[in-house]
Amino acid sequence: MNLTTADQSIPTYTLEKDPIIGNKRFNIVRFDGTLTHPSELLIPHRKAYYLLVLCRRGNGRHWVDMRPYATREQTFYFFVPHQIVVKEESTPMWGTAIAFDEEFLALQENATLRQLPLILNPHNVHELMLAETDVVFMEDLLEKISTEHTQTGHWHQRMLSAYLTVLLTYLSRLYAEQFDRTPSSTEKLLLKKYQSHIDEHFQQLHQVSDYAALLHVSAGYLSEVVKAQSGKPAITHIHERLVMEARRLLFHTEHSLKEIGYTLGFNDASYFSRFFKRETNLTPAEYRATTREMYQ
């Protein structure tokens, strides 16, 4: 597995530069034995867009946030921005992929999609198990989306957005069934918004009070709701996000501890090291050494 050097950053691939799926805002592509493009093979990278893939047939292995996934038939995979992806080998795959970026979600007709569990991905997961009925339903929708995508005009765009909304809503229901067993409520929505804001601002904001201000609630109320809904203190969610990103950078890059700490909003490298040791029982240097040895 390749590592980025101290003077490099983990590359972020934008949708328009994707050699297979590339398009400015939205695209749908069918894979008929398609191989992974060599430019992505064994290169740790992030995607600056959402990628949804219905895999009908294929094999191989890839990594998302240091977790390996063996590609399985009749499985739905999804990638969201910020996750670090590594593709191990170029193996053929049959299926359909949809890709769209933040600009596409910002369109008025798509604004409500931002709050769907599949888009928020609060559990930082990557795959959904599908029953045969799920596959049949999704293939029908994907065919409709593909047809509308090849057309032009105002009504085709509206139909495309409508079909996509149905697809993402259906997948979000599967997401909730497989990863979130608690019913929706106002408090649950607040928790998801809190987690979404952490994903967006964790490098700059490290205090619960900062997020309470963004959510227009008191820090005390936010702490109470988050603890009740998640079973963890509100500050723990911030710390877990910081640790996750620290682990990504320690494993995938050769950046110094000072550089990584600064990237995560720690001006003092020694404080970053103490924070990481307190959260993981390992110093950053120990974590880097042990994980690389483990995955070699």
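Author: Let's begin with Y194, which counts as buried because its relative accessibility is 0%, and the cut-off for buried is under 20%. Keep in mind as you look around that this is a predicted model. Now find Y211: with 0% relative accessibility, that residue counts as buried too.

The structure has 13 aromatic pairs. One of them joins F76 and F78, and it is stacked, with 6.0 Å from centre to centre and 20° between the planes. F76 has 2% relative accessibility, so it counts as buried. For F78 the figure is 0%, so that residue is buried as well. Y194 and Y211 form a pair of the edge-to-face kind: their centres are 5.7 Å apart and their planes are at 90°. This pair links distant parts of the chain, with Y194 in helix α5 (residues 186–201) and Y211 in helix α6 (residues 208–215), 17 residues apart.

So which helix gives the most residues to the lining of the largest pocket? It's α5, with 10 of them. That pocket has a volume of about 1,000 Å³. Its lining takes in 39 residues, and the ones nearest the centre are L120, N121, Q195, S196 and D199. Alongside α5, the elements that give two or more residues to this lining are β3 (45–47), α1 (102–105), α2 (117–120), α7 (219–230) and α8 (234–252). Sorted by class, you get 12 nonpolar, 13 polar and 14 charged residues in the lining of the largest pocket.

Next comes the second largest pocket, at about 270 Å³. It is lined by 14 residues, with R46, Q203, E245, L249 and T263 closest to its centre. Helix α5 turns up here again: α5 and α8 each supply at least two residues of this lining. The largest share comes from α8, with 3 residues. As for the classes in the lining of the second largest pocket, they come to 3 nonpolar, 6 polar and 5 charged.

R241 places its charged end over the ring of F202, 4.1 Å from the ring centre. Likewise, K47 lies over the face of F79, at 5.8 Å from the centre of that ring. There's also one aromatic cluster to look for, made of F266, Y271, F272, F275, F276 and Y287.

Now follow F79 to the strands. F79 is in β7, where it stands opposite L51. Strand β7 (residues 75–79) pairs with β4 in the antiparallel sense, over 5 bridges. Strand β4 has another partner: 8 bridges join β4 (residues 50–58) to β9, and these two run antiparallel.

How do β4 and β9 sit in the fold? In β9 (residues 93–100), 7 of the 8 residues are buried, so this strand is largely enclosed by the rest of the structure. In β4, 7 of the 9 residues are buried, so β4 is largely enclosed as well.

Rolling a probe the size of a water molecule over the atoms shows where empty space is left. The structure holds 2 cavities of 30 Å³ or more. About 30 Å³ of space lies in the second largest cavity. The lining of that second largest cavity consists of L52, V53, L54, F76, T96, A97, I98, M138, L142 and L167. The class count for the second largest cavity is 9 nonpolar, 1 polar and no charged residues. And F76, from the stacked pair with F78, is among the residues lining that cavity.

Methods
Residues numbered from 1 in each chain as written. Predicted model: local features only at pLDDT ≥ 70, side-chain atom pairs only at ≥ 80, totals over all residues. Heavy atoms only, no water. Buried < 20%, exposed > 50% of the residue type's maximum accessible area, 1.4 Å probe, protein only. Helix = DSSP H or I, 4+ residues; strand = E, 2+ residues; numbered from the N terminus. Pairing = 2+ DSSP bridges. Phe/Tyr/Trp six-rings, centres within 6.5 Å; stacked < 30°, edge-to-face > 60°. Lys NZ or Arg CZ within 6 Å of the ring centre and 35° of its normal. 1 Å grid on protein atoms, 1.4 Å probe; cavity = no way out; pocket = protein on both sides within 12 Å on 5 of 7 lines; lining within 4 Å. Points joined across faces, edges and corners; volume = space filled by probe spheres on them. Nonpolar A, V, L, I, M, F, W, Y, C, P; charged D, E, K, R; others polar.
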